[in-house]
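Hi,

Here is the structure I promised to pass on. Have a look at it first, and then read my notes below.

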Amino acid sequence: MAQLANRRPPLVSYSDRPISRGIVTPGAAFGPLPSDPGPYMLGSTRNKALSGFSPANLYVAPEGLNVLAPLLKFGTLWATDEGVFRFPGSQHTEGGLAPQETTFASAAITIHAVLMIYNGQVFSCDFSGLSGSSVAIGAAGVWAHIKLPIMLPANSVYGLVPIYSVPVGATVLGQYRIQRHRGEKVWQGASVDAVLTQLATDAPTSAAFQLGYNVIGNWNANPPGQNLAYGPDLIAWKRWDGRPSVLGVCDSLADRQELAASADERGNYGFLPRLFDSWGYGFFNVGCPGAKAVQTLAASAMKIWQGLDELSAMNPNGMRPYNNYFQQMGRNDNNAASATWLTPIRNLNTRLRTRDPTIPIIGATIPATTTSTDRHQTEAGQSVAVLWGATLAAVNAAILAGNSGTTDNVIDLNLYRMAASGKYRPGSEHLKGTVAVSTGDGVTPTTQLILDFMPSLGQQYTIDLSAGAGTTLSGRLVVDIAGTGPYVCTCVENFSTIVPAGSLVYEQPTPDGTHFNKEYNIQSVALVPASEKAKFVGV
């Protein structure tokens with residue numbers, strides 16, 4: 001550790017350009033800082049709760065590659081010069097028992113250093129005055145702190161590089177799919193020096209983190225899903241300016257089906273992160289995909305709340321680092337009886353109220369799940385089962401009425417996320433262009449698609465292979481784009497299907513009838529009026 005502390009390595013800036021040597025710039029060069037730092041408040045983009053692979057599918061650190069250093073890029077909301085980052089030791093399970101924190105690495109995680117990079121300058125975080133720390137198996141987590149000699153401007157983007165290791169053969173936790181179009185990377189080596197060298201030379205991302213880009217699934221599957229890098233979940237900053245800071249109590253409807261390639265310049269992906277950042281509100285979701293209200297703020301799911309309590313203890317008078325709850329959960333508690341469905345949602349609201357009697361709880365309606373015969377190209381091709389029709393309508397009516405007085409306000413998200421019928425707005429409304437050059441020969445698989453329009457990175461498209469008849473449809477999700485027209489796209493799918501030139505190409509609203517694709521999310525955010533924004537309180 002002494003070697004690391006004294007090394008003063010050349011690194012890369014948050015925009016991946018080489019930067020000069022040196023850890024910090026003297027504060028005197030920037031003039032005096034504001035005098036009142038105030039409390040730590042949740043006010044970051046990009047950060048998320050630790051969730052992902054099951055214990056049996058966690059990444060296993062190989063020989064010579066057990067030291068890792070991801071470059072992750074987060075955004076600020078207000079101008080600030082002091083913050084904290086929590087590195088947890090337990091991971092939410094996704095699916096049936098979510099959000100229970102029952103996934104652990106097989107060994108302690110050693111954090112050697114956490115570096116922050118902004119505008120060509122490199123700053124070091126500390127752990128109670130030390131350069132590193134250790135995260136025990138299953139621990140709630142440890143806190144890194146940074147006090148900058150400069151002010152990070154409002155709405156800035158900075159890089160964070162946690163350098164950590166586990167023993168060879170041990171499993172590694174992780175929650176971040178790197179967003180390579182934003183310059184995020186993961187480096188691996190046998191030593192801290194090895195990853196610092198890769199950082200300094202802007203080396204390519206380690207091979208294990210290049211596979212399966214923008215694909216859900218285990219890293220060790222065939223074909224693989226995108227591997228997950230470890231980083232902080234809770235991020236809080238001082239110099240708060242009084243705006244709403246929202247603790248989301250949400251499931252996958254917060255951000256799926258976006259994953260990595262679709263993220264905006266501040267790292268946001270999904271409906272709720274895009275919405276709250278467009279309002280300039282702080283937002284952090286304590287939940288994860290598959291989360292149920294009945295299992296939230298309950299047994300085996302308390303460590304992230306412990307982290308919030310620890311953060312509160314850092315603030316004057318124990319002030320919470322948020323001033324609103326947005327309680328969106330409930331979809332995964334579905335039941336054929338609406339009263340039974342509503343009970344865990346209402347009980348979660350009551351637990352939140354008991355925890356924080358003065359913090360407002362804003363509820364949200366639940367969208368339907370639909371099935372489709374035509375990739376959601378039309379409303380007529382979509383079907384809604386009774387559970388997601390009449391039963392859900394009764395549940396949403398109760399939510400809109402305050403769910404027996406357990407919420408202070410509610411947003412009817414279905415007004416903005418769904419058509420008036422309760423189904424998806426059809427993809428046929430969003431014709432984007434055509435296939436410029438035929439690909440596929442019916443034999444050899446290809447990931448290539450050539451279009452006559454600039455596609456949206458990370459968006460899934462429906463291609464009409466039947467000369468506009470709408471009878472033969474195929475889907476492609478674009479993860480890379482080259483050229484200035486025609487646009488040569490790399491897609492997730494690897495098909496031999498013949499895609500004729502001139503085929504019509506539409507935005508597909510949903511991949512599965514439950515979650516929302518990128519452009520559908522962006523369009524939905526644009527439909528939310530300012531009156532909804534006013535339901536959240538600041539000071």
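Which residue takes a positive phi in the hairpin of β24 and β25? It's Gly 483, with a phi near 90 degrees, in a hairpin that has 4 residues between the strands.

Before the rest, some ground rules. This is a predicted model, where local features need pLDDT of at least 70 and side-chain atom pairs count only at pLDDT 80 or more, while totals for chains, interfaces and linings use all residues. Residues are numbered from 1 along each chain as its sequence is written, and side-chain values use heavy atoms, leaving out hydrogens and water. Helices (H or I, at least four residues) and strands (E, at least two) are DSSP runs numbered from the N terminus, and two strands pair if DSSP finds at least two bridges between them.

β24 (residues 473-482) and β25 run antiparallel and are joined by 4 bridges, with Ile 481 bridged to Cys 489 in β25. β25 (residues 487-495) also pairs with β22 (residues 446-451), antiparallel again, over 5 bridges. There, Gln 448 has Thr 490 of β25 as its bridge partner.

Next, the parallel sheet. It is open, has 5 strands and runs in the order β15-β14-β16-β17-β20. β15 and β20 (409-411) are the edge strands, each pairing on one side only. From one strand to the next, the twist averages 25 degrees. Helix α5 (residues 338-355) packs on this sheet and touches β14, β16 (324-327) and β17 (361-364); its direction makes about 170 degrees with that of β16. Contact here means heavy atoms within 4.5 Å, and angles run from 0 to 180 degrees between N-to-C directions, with axes fitted to C-alpha atoms (for helices, over the stretch in contact).

Now look at the β15 end. β14 (residues 245-249) pairs with β15 in the parallel sense over 4 bridges, and Gly 248 stands opposite Asn 285. In a regular strand the side chains alternate between the two faces of the sheet. Both faces of β15 (residues 282-285) are covered: Gly 282 and Phe 284 on one side, Phe 283 and Asn 285 on the other, are all buried (under 20% relative accessible area, with a 1.4 Å probe and protein chains only).

β5 (residues 80-87) and β9 are joined by 7 bridges and run antiparallel, with Thr 80 bridged to Leu 152 in β9.

Note on methods:
Buried means under 20% relative accessible area, exposed over 50%, partly exposed in between (1.4 Å probe, protein chains only).
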